[in-house]
Amino acid sequence: MDKFLISGGAPLKGKIEVSGAKNSALPCLAATLLSAETVILHNVPYVKDLITQRRLLEDLGATVLTPELRTQKITAKNIETFEAPYELVKTMRASVLALGPLLARFGQAKVSLPGGCAIGTRPIDLHLKAFEQLGAVVSLESGDVVARAPKGKLIGAVVSFEKVTVTGTENVMMAAALAKGKTTIHNAACEPEIEDLAELLNKMGARIKGAGTPVIEIEGVENLGAAEHTIIPDRIETGTFIVAAAITNGELEIKNCVPKHLTAAIKKMRESGVEIEELNPSTLRVKCSGKGLTAKDVTTEPHPNFPTDMQAQYMALMTQAEGVSNITETIFENRFMHASELIRLGADIHFAGNTATVRGKTDLMGAPVQASDLRASASLVLAALAATGETTIDRVYHIDRGYENIVRKLSSVGANIERVTDNLNLTAAEEK
Ligand code: UD1
């Protein structure tokens, strides 16, 4: 199992480039299942989750070509099966995004029910209820969700989500694109990734209005066709690099980003003393103000508010801020796993319900720690960069799911970080 070895203390300086958004590329790849014609996607990040999503498409019968490293040319003409197996779904929940497109185009889909994960139970009941509202018959058979559209076609309907769900909104948007008649989604997620997916679907011939707002209207069409689309930059990677500059007292120019996609996070970090300058619409210059950082409270909420996917990184930053910050997590019930590892590095963090209270500024000291999920790994990398001495981060396969070339990117701006492979080969024993 690979580990990261990080020697902290070096201020990060230079230019760093943001990759394509994982959470946008995942639904966009799934959307290619809606058409028999070729869809070309550019700026697809080369990360583990996208490799898994590609494998899922190929298993279903699609052809995926890669004419250039970050471009995928996908033709889902000859789909042979309508089933996403447990082996894939258990490694990546986003495989449930195949449900909507398969159901809409072929009138049937079978996707293994994702179990819980490190950050909570994460059900998909809202997706399934919405499919039922579009006329599907949904059942659970031996751990699989089986959905069928009677007479092979979904029927447009009004879908009101009880709770904002990102992939749920995406799944329904894709399903409704080929449904008969009009679908209106109320309480839709407003994340930039939803807008990006709608843009791709509209290029394919869908008729979607209002994506990026809480009400989305979709006029179903008969078929979808070919399209070419460039995935938006990853806003969470952008936010992670902002913290990397600030926490190391460095100065980074972050290129190929869309600052307006992370307005709330940028605002919060500015309030806490991070200097963030927009050099142009796709470049930020970030440094820590001479006065240092001040603790500021934060509550995670759906977009456009502070994203849960930045909570762990922000917590690492707050260990270096003067004062007390209360960090409240409202999206996932168990998303403080990184905190106990940050405490191992010397952070002062206490919990009450879904709030973590961080007292700073504390001197962090390198230690062996363990990553528990994707964003938790990022938080540990950031804290290790600010710590004195050496930190070993175990289980970095979590970070490989969503951060492209993180070691190379951070090294290029002065971080002392390397990936080591555990030669003892304890993997099998450890996993038991
Ligand atoms: C997506 C993102 C993930 C991010 C999350 C919240 C992708 C691939 N992943 O995950 O990085 O952290 O949004 O911004 O885009 N819920 C239900 N029933 C459902 C669906 C969701 O109760 O059917 C609950 C979840 O347990 C959670 C909340 O709703 O408490 C929001 O989850 P959701 O927005 O669906 O997260 P994902 O789409 O899985």
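**Close-ups of a predicted model**

**View 1. Where helix α5 meets helix α6 in this predicted model.** On the α5 side, the residues making contact are H127, A130 and F131, and they meet T167, G168, N171, V172 and A175 of α6. Helix α5 covers residues 125–133 and α6 covers residues 166–177; the two pack at an angle of about 25°, with their axes 9 Å apart. Angles under 35 degrees count as roughly parallel, so α5 is roughly parallel to α6. As for handedness, α5 and α6 make a right-handed crossing.

**View 2. M173 and its neighbours in the largest nonpolar core.** This core has 78 residues, and M173 is among those with the most contacts inside it, along with L41, L99, L154, L201, I216 and L224. Leaving aside residues up to four places away in sequence, M173 touches I185, I194, L197, A198, L201, I208, I216 and I218. Another core, of 69 residues, lies apart from this one; V243, I247, A265 and Y314 are among its members.

**View 3. An open sheet of four strands.** Read across, the order is β2-β15-β17-β16, and the pairing is mixed. From one strand to the next, the twist averages 20°.

**View 4. Strands β15 and β17, with helix α9 packed on the sheet.** β15 (residues 251–255) and β17 (residues 283–288) run antiparallel and are joined by five bridges. Look for I254, which stands opposite L284 in β17. Helix α9 (residues 263–271) packs on the sheet and touches β16 and β17. The direction of α9 makes about 135° with that of β16.

Note on methods: Residues numbered from 1 in each chain as written. Predicted model: local features only at pLDDT ≥ 70, side-chain atom pairs only at ≥ 80, totals over all residues. Heavy atoms only, no water. Core = buried A, V, L, I, M, F, W, Y, C linked by side-chain atoms within 4.5 Å. Buried < 20%, exposed > 50% of the residue type's maximum accessible area, 1.4 Å probe, protein only. Contact = heavy atoms within 4.5 Å. Pairing = 2+ DSSP bridges. Axes fitted to C-alpha atoms, helices over the stretch in contact; angles between N-to-C directions. Parallel < 35°, antiparallel > 145°, perpendicular 65-115°, else oblique. Left-handed = near helix turned anticlockwise from the far one by under 90°.
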